[in-house]
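Subject: Handover of a structure, with notes on what was found

Dear colleague,

I am passing this structure on to you, and I would be grateful if you could look through it with the notes below at hand. The notes follow directly after it.

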Amino acid sequence: MEYAQLTPGRRFAPLHSLLYYSQRLVTRPALRRLVVRILTCALRLRHGSGRELHAASAVEGAALANLSQSGYAPLGNLLSSVQCDAIRTYLQDKMLTDRDRERALFALAQVPQGVRVADYHLRDVIACPYILALANSAPLLGLAARYMRCKPTISALGLRWSFPVAGNASDLQAFHRDSEDWRYVKVLVYLTDVDHDAGPHVYLYGSHLTQAPVRLRFYSDDEISANYGAEQLLTATGTRGFCFAVDTAGIHKGTAPHRLPRLMLQIQYSLLPSYAYQYAPEPYDGPLLLDPYVNRLIVRPLR
């Protein structure tokens, strides 16, 4: 997905900038919770509570409790090995974009030397088997609706490779906080097996409940260990198809893989659009009956 131009320049988007930085500047947790309550009430009045999306299962209840308390909730293997194989097969000839050099396009079989992180285009993510269905499945939409306390918006959807490269890690591979919206949750799905050497996601327990700085920054491993202790770090490992939810307003990182590359799906649910992005919904004419409000930033139906 393309980022909006939030600072003065050729493609400066002043309204996006205002809306994005307005939520960045409010860092006190109590004040943010107040704004979230107001926004949630307004969204429920306009678009409904999202109650029809709730799976209301014991598993979903436990996931919601874990997510609310720790900021991290394992969801199990929501995709089978067969489904992961079908996704990998579909992506074999699709082009990747180097995250550090946006104009560099290449296929997985010809990854240039030194590429750390690369993404597929949204149109290929939309057309990929099982992705949209998973993003709109009852367990995930239900969890997001209960965490948002209103009908959620899918505000980001992406497939990303991380490759083992010697030297300094990418910014995405250092501890940091995200600031996507007033309230949001990301669901991450490993599409390759991920152990401690294959680039697992690491999350600082409960850090989504702490105050973030106005100026977001990166944190070294030593700083996190010294200030919080290694025992507070939650490391997400699992076989392909493993899925987990995280509130990335907390401190987290995707570690750099040491041996094998990692393919991961990211689904972001939020209250509002994430104004850091310039949305361009892709046309969709598939068999799924998608909620038009939930999916409005990602797809536009052709019928």
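For what follows on residue classes, Ala, Val, Leu, Ile, Met, Phe, Trp, Tyr, Cys and Pro count as nonpolar, Asp, Glu, Lys and Arg as charged, and the others, Gly among them, as polar. Please keep in mind that this is a predicted model, in which local features need pLDDT of at least 70 and side-chain atom pairs count only at pLDDT 80 or more, while totals for chains, interfaces and linings use all residues. Residues are numbered from 1 along each chain as its sequence is written, and side-chain values use heavy atoms, with hydrogens and water left out.

I begin with the second largest pocket, whose volume is about 710 Å³. A pocket here is an open set of points on a 1 Å grid over the protein atoms alone, where a 1.4 Å probe fits and protein lies on both sides within 12 Å along at least five of seven lines; lining residues have an atom within 4 Å of a point. The volume is the space filled by probe spheres set on the points, which are joined across faces, edges and corners. The lining holds 34 residues, and those closest to the centre of this pocket are Arg32, Arg33, Trp182, Arg183 and His208. By class, the lining has 14 nonpolar, eight polar and 12 charged residues. Helix 2 (29-47) provides the largest share, eight residues, and helix 1 (14-25), helix 3 (58-70) and helix 7 (138-148) are among the helices that each supply at least two. Helices (H or I, at least four residues) and strands (E, at least two) are DSSP runs, numbered from the N terminus.

Three strands form an open, antiparallel sheet in the order 9-8-11, where two strands pair if DSSP finds at least two bridges between them. Strand 9 (233-236) and strand 11 (252-254) each have a single partner strand, so one side of each is left without a neighbour in the sheet. Strand 8 (residues 201-204) is joined to strand 11 by three bridges, and Val202 has Lys253 as its bridge partner in strand 11.

The aromatic residues deserve a separate look. Eight aromatic pairs are found in the whole structure; rings of Phe, Tyr and Trp (its six-membered ring) pair if their centres lie within 6.5 Å, and planes under 30 degrees apart count as stacked, over 60 as edge-to-face and the rest as tilted. Tyr72 and Phe244 make a tilted pair, with 5.7 Å from centre to centre and 45° between the planes, and this pair links Tyr72 in strand 2 (residues 72-77) with Phe244 in strand 10 (residues 242-246), 172 residues apart. Tyr72 counts as buried at 12% relative accessibility, and Phe244 is buried at 0% (buried means under 20% relative accessible area, exposed over 50%, partly exposed in between, with a 1.4 Å probe and protein chains only). The rings of Tyr190 and Phe244 have centres 5.3 Å apart and planes at 65°, so this pair is edge-to-face. Tyr72, Tyr190, Phe242 and Phe244 form one aromatic cluster.

Finally, two backbone angles are worth checking. Tyr130, although not a glycine, has a positive phi of about 75°; Tyr130 lies in the loop between helix 5 (122-127) and helix 6 (131-135) and is partly exposed, at 35%. Arg149, also a residue other than glycine, has a positive phi near 65°, and Arg149 is exposed, with a relative accessible area of 55%.

With best regards
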